[in-house]
Amino acid sequence: MLDFMRRKKESIIIKIVFVVIVLSFIGTMFLVWGKGSEGIGGRGGYAAKVNGTKISLEEYQNAYQRIRNIYQQIYGQSITPDMEKTLGLKKVALDSLIDNVLIAREAKSMGIKVSKEEVANSIEALPTFQKDGKFNFDLYQQLLRSNRLTPKDFEEGQKQELLLSKTRQAIKDKATVSDDEALAQYKKENDKIDLEYVSYAPNEVIAEVKPTDGELNDYLQRNQNEFKTPEKTALSYILLDPASQAAKVTVSEEEIQTFYQKNIDRWQGKDGILPLKEVKEKVKADALRQKAAKQAFELAADTLYKNAKSNDLKQIAGQLNLKVQETPLFDANAPAAVLNGETAVIKKAFELKEGEVGGPVETAKGIYIIKARERKAASVPPLNEIRGAVESKVKGAMAVELAKKKAADAARQLAAKGTLRTQATGTFGFSDKGDIPAIGNAPDLMEAAFKLTAAAPVTKEPFKVGNRWYVARLKQRIEAPKADFEKTKQQLKLKMLPKKQEEALAAWTKGLRSKAKIEINQTLIAEK
């Protein structure tokens, strides 16, 4: 079952089933009702107050963690912060607890009760407490003890879970499917329709869009980040090659031995670590390079320190016998060509204020000392400099709205039986996937199309399919035989009933919420 759900998790229907499953699992495992004026929340902080009854932080955290674990099982992966935000898990958990409080209170006014026998039977039926297919009292007590629960508390929780279940079922039992509703569903599933339609795409109407300077300026002000130029810097720098120090450096036998030991993994041969005598020349060369690099870095750092107050890069370069080089202005994402790959240098460059000297920065190429010769802050250019880019964005946005408007105008003409050049879909039946011939995948349009009648043959609003806006008129409807409906009516009603029951329960719960005084601790459900 879980594998099936994972494969189908993008389906709207399956996502609805997910919610039903999750809500059914939350139950009242963490709720103990009727604790006096403090309600279910005790004396600590609260997640919500419902008509004066508190839902404690502990109850909320337990419900939230439980629902999170269930979704992880359903999706077969860890729930990332973005997924959690999309699913709204915090709100779902808290809403379920609020609904439980409201439903439990309403059960009293409805006269719904749960007997001790019903509680006992429900516990005995739980597979968790069964051994060899039968309820085992010793196992029951053992499991409760291991979860730090007393039989009294667990049985009270089970009683409240049954109370909620019976109350929900009582509301569901009131739901019925009328003959008219069944007939509408029968016609939707069995009739065939043929549509004529008109559609408009933004690229087809963009030539008609003529934005004013006021509209361009308004768009630029509202979307400055789209046109902001990045922060830029221009550097003066010197580059000290460690090889320049190599002629001045020697290494002792002890230094060679120490370098060999510290870098032992470098000397791996086919049969293990090569002895020093076999690789001594290479070890010596590497040790010399390292020592030269270290001395070059220390020389650069010492020279920079001595000239720290002056910030005079030319003076530093003269003392090191180096030439000052320069880059043009560049931004962090498009560095100057000479700095390609020099991530550490680029990072340091954008940390310096204009005129400030920084370093030394060591890279594979050598040791840099840099100066921020010029800094240019991020800014939004005036409209006259970026008019083309702004106009392109504005025209694109306005073309979308114009295409939608033209489709809406076409709908009015179709309804008035005006003359329009239309296209036809050909005859087709209803599909849950929403694939309409000649139009494409359009579930919303599919639903609307099968509600069209001879009296109201035109869709009321445009539907976006891909990058086009569509409106349609019913060309003809081939009705399924009415006699077949009478034969299948009862079966169809039974198939429609579960959805009708869930809708009735949702509407009833929504009504309870609308009449209740609910105070929510917003910090718990705030998305960070």
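Start by selecting Asn51, which counts as partly exposed at 44% relative accessibility. The model on screen is a predicted one. Asn51 lies in the loop that runs between strand S1 (46-50) and strand S2 (53-56).

Keep Asn51 selected and show what surrounds it. Leaving aside neighbours within four places in sequence, Asn51 is in contact with Leu102, Ala516 and Lys517.

Next, select Lys49 and Tyr46. The charged end of Lys49 sits over the ring of Tyr46, at 4.6 Å from the ring centre.

Now move to two helices. Select H5 (residues 89-109) together with H8 (residues 151-172); their axes are 9 Å apart, and the helices pack at an angle of about 75 degrees. An angle from 65 to 115 degrees counts as roughly perpendicular, so H5 is roughly perpendicular to H8. To see where they meet, show the side chains of Asn100, Ile103, Ala104 and Ala107 in H5, and of Leu163, Leu164, Thr167 and Arg168 in H8. Sorted by class, the contact of H5 with H8 has five nonpolar residues, two polar and one charged.

The following stops are aromatic rings. A search of the whole structure finds 14 aromatic pairs. A pair of aromatic rings is described by the distance of the centres and the angle of the planes.

Select Tyr186 and Phe485. Their ring centres are 5.3 Å apart and the planes stand at 50 degrees, so this pair is tilted. Tyr186 belongs to helix H9 (residues 179-190) and Phe485 to helix H19 (residues 482-515), so the pair ties together parts that are 299 residues apart in sequence. Is Tyr186 buried or exposed? Tyr186 is buried, with a relative accessible area of 6%. Phe485 is buried as well, with a value of 3%.

Then select Tyr260 and Trp267. These two form a stacked aromatic pair, with 6.3 Å from centre to centre and 15 degrees between the planes. Tyr260 counts as buried at 7% relative accessibility, and Trp267 counts as buried at 2%. The cut-off for buried is under 20% relative accessible area.

For the last stop, select Phe129, Phe135, Phe137, Tyr140 and Phe154. Ring pairs link these residues into a cluster.

Key. Residues numbered from 1 in each chain as written. Predicted model: local features only at pLDDT ≥ 70, side-chain atom pairs only at ≥ 80, totals over all residues. Heavy atoms only, no water. Axes fitted to C-alpha atoms, helices over the stretch in contact; angles between N-to-C directions. Helix = DSSP H or I, 4+ residues; strand = E, 2+ residues; numbered from the N terminus. Parallel < 35°, antiparallel > 145°, perpendicular 65-115°, else oblique. Contact = heavy atoms within 4.5 Å. Nonpolar A, V, L, I, M, F, W, Y, C, P; charged D, E, K, R; others polar. Phe/Tyr/Trp six-rings, centres within 6.5 Å; stacked < 30°, edge-to-face > 60°. Buried < 20%, exposed > 50% of the residue type's maximum accessible area, 1.4 Å probe, protein only. Lys NZ or Arg CZ within 6 Å of the ring centre and 35° of its normal.
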